[in-house]
Amino acid sequence: MDNHNREQFSSRLGFILISAGCAIGLGNVWRFPFITGQYGGGAFVLLYIFFLIILGLPIMIVEFAVGRGSQKSTAMSFDTLEPKGTKWHWYKWLAMGGNYLLMMYYTTISGWMILYFFKMLKGDFSGLSSKGVAAVFAATTGNPAICVAFMILTIAAGFAICGGGLQGGVERIVKVMMVALILLMIVLAVNSLFLPGAGKGLAFYLKPNFAHMARAGIAKTVFAAMGQSFFTLSIGIGSMAIFGSYIGKDKRLPGEAMTIAGLDTLVAILAGIIIFPACFSYNVKPTAGPSLIFITLPNVFNHMPNGRLWGALFFLFMSFAAMSTVIAVLQNIVAYATDLTGCSVKKACVINTAVMILLSLPCALGFSLLSGIHPMGIGTTILDLEDFILSNNLMPLGSLVYLFFCVSRYGWGYDRFIAEVNEGIGLKLPRHKVVRFYLTYILPLIVLAVFVGGYLL
């Protein structure tokens, strides 16, 4: 595809909201609250923000630079920028595989969110005990027809939106979705603040208490904060690079990356403000883990005045958060097809809809027909394996590839990288040798620590 004919965002707001939509997903509104609860509340939040700045933000800048410098998706970006005779482009197959792998399980969880919105709306949890709510979740995930149907709905809706093109489909829909998501979160957060006993939940969440962190284990808490700050931005597999390829050169990349990371963090913080006061108001432990969303919170809404309404709004916002990521990553997959083969967007969407449904079946059936498969030991599922391969392996190792490609003279080269990053107006990445030393030596060690910690802790 000719770079001059490459479709671009209609506005800077579109770029920011869609890039943020890719980053803002279940990692913010599902994983962040329960992992914060497990690792001590406010002290963990401080660590998370610290590592977001020194770890996640620089790698996002790197991905944006490679995307904008090449004007291609990961499928062709390394081919375009690498020195002749080098093999950096080999990584594109792992990056592309990572995006497919993410959707192989993310679409199943997104389907659950959409289904729970309808369940809340219908009042399926009204009058149920805690065990009754847990039984509904077990019955839902154990029903192969329901899981597959909502997985297919998620994929079909995502590719239908991508089929409308970057501006007419993805940008138009995701902008509305993101604005609705933020408005819904504000409404839900205000409601939580007025619940009885909300102050205790806010204190646990936002007031640093290092005794909580010590009880959870300082080393584990530090690694958990590093991992969350790293994975929340969807970096390492080119998911962000694609959006860099759609923007012009009028703005410097550090400021754009900071805006997106800030919006991502705001959503994560708001999610906790929604959840923790509600948990403390109804004497529910905020350390419930992954079951917090599907089992603990429906039980909380059961006890709330107008809980059916608040529960439906909560799962509507969760659905928007999940679908914003689905659409953004599927746009990446569509770009792979068009960049590699030159086929039309609509053809890429039709073919990949069928491919993605087939690839997603193992996870969708992993709690029912394939529940006897425990790939990582008793109690683990196909979803756990797919998430482990991506989150603990492809994302950190891919981030190292992007980093070394940009700072090494055997790759794109530091001078070209810095020139691309600082082209335009806005916040500038200093050319100081300390910055170069950090990006070349210190940051790769931090990423390597995230990779090793994923195996040891």
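Trainee: What radius of gyration does the chain have, and why does it agree with a compact globule?

Mentor: This is a predicted model, in which local features need pLDDT of at least 70 and side-chain atom pairs count only at pLDDT 80 or more, while totals for chains, interfaces and linings use all residues. Residues are numbered from 1 along each chain as its sequence is written, and side-chain values use heavy atoms, with hydrogens and water left out. The radius of gyration is taken over C-alpha atoms, and the globule rule is 2.2 Å times the number of residues to the power 0.38. Because a compact globule of 457 residues would have a value near 23 Å, there is agreement with the chain's 21 Å.

Trainee: How many helices and how many strands does the chain have?

Mentor: Both are DSSP runs numbered from the N terminus: helices are H or I with at least four residues, and strands are E with at least two. On this basis the count for the chain is 19 helices and zero strands.

Trainee: What percentage of the residues in the chain is buried?

Mentor: Buried means under 20% relative accessible area, exposed over 50%, and partly exposed in between, with a 1.4 Å probe and protein chains only. Of the 457 residues in the chain, the buried share is 59%.

Trainee: Which residues of helix α9 are buried, and why do they line one face?

Mentor: Helix α9 covers residues 198–206. Seen down the axis of α9, the buried residues fall within an arc of 125° (the arc of the directions from the helix axis to the C-beta atoms), so they line one face of the helix. These buried residues are Ala198, Gly201, Phe204 and Tyr205.

Trainee: Is Ile333 buried or exposed, and which residues does it touch?

Mentor: Ile333 is placed in helix α15, residues 307–341. Its relative accessibility is 0%, so Ile333 counts as buried. Contact means heavy atoms within 4.5 Å. Not counting residues up to four places away in sequence, Ile333 touches Asn99, Tyr100, Met103, Phe159, Asn352 and Met356.

Trainee: Where is Ile237, and which residues are in contact with it?

Mentor: Ile237 belongs to the loop between α11 (218–231) and α12 (241–244). With a relative accessible area of 2%, Ile237 is buried. Leaving aside neighbours within four places in sequence, the residues in contact with Ile237 are Glu63, Thr74, Tyr91, Ala95, Gly98, Asn99, Tyr336, Leu390, Leu394 and Met395.

Trainee: Is Gln71 buried or exposed, and what is its phi?

Mentor: Gln71 is found in the loop between α3 (42–70) and α4 (74–81). Its relative accessible area is 13%, so Gln71 is buried. Most residues other than glycine have a negative phi. Although Gln71 is not a glycine, its phi is positive, at about 55°.

Trainee: Is Asn306 buried or exposed?

Mentor: Asn306 lies in the loop between α14 (291–303) and α15. Asn306 has a positive phi of about 55° although it is not a glycine. Its relative accessible area is 58%, so Asn306 is exposed.

Trainee: Which residues are in contact with Gly111?

Mentor: Gly111 lies in helix α5, residues 91–122, and counts as buried at 1% relative accessibility. Leaving aside neighbours within four places in sequence, the residues in contact with Gly111 are Phe150 and Thr154.
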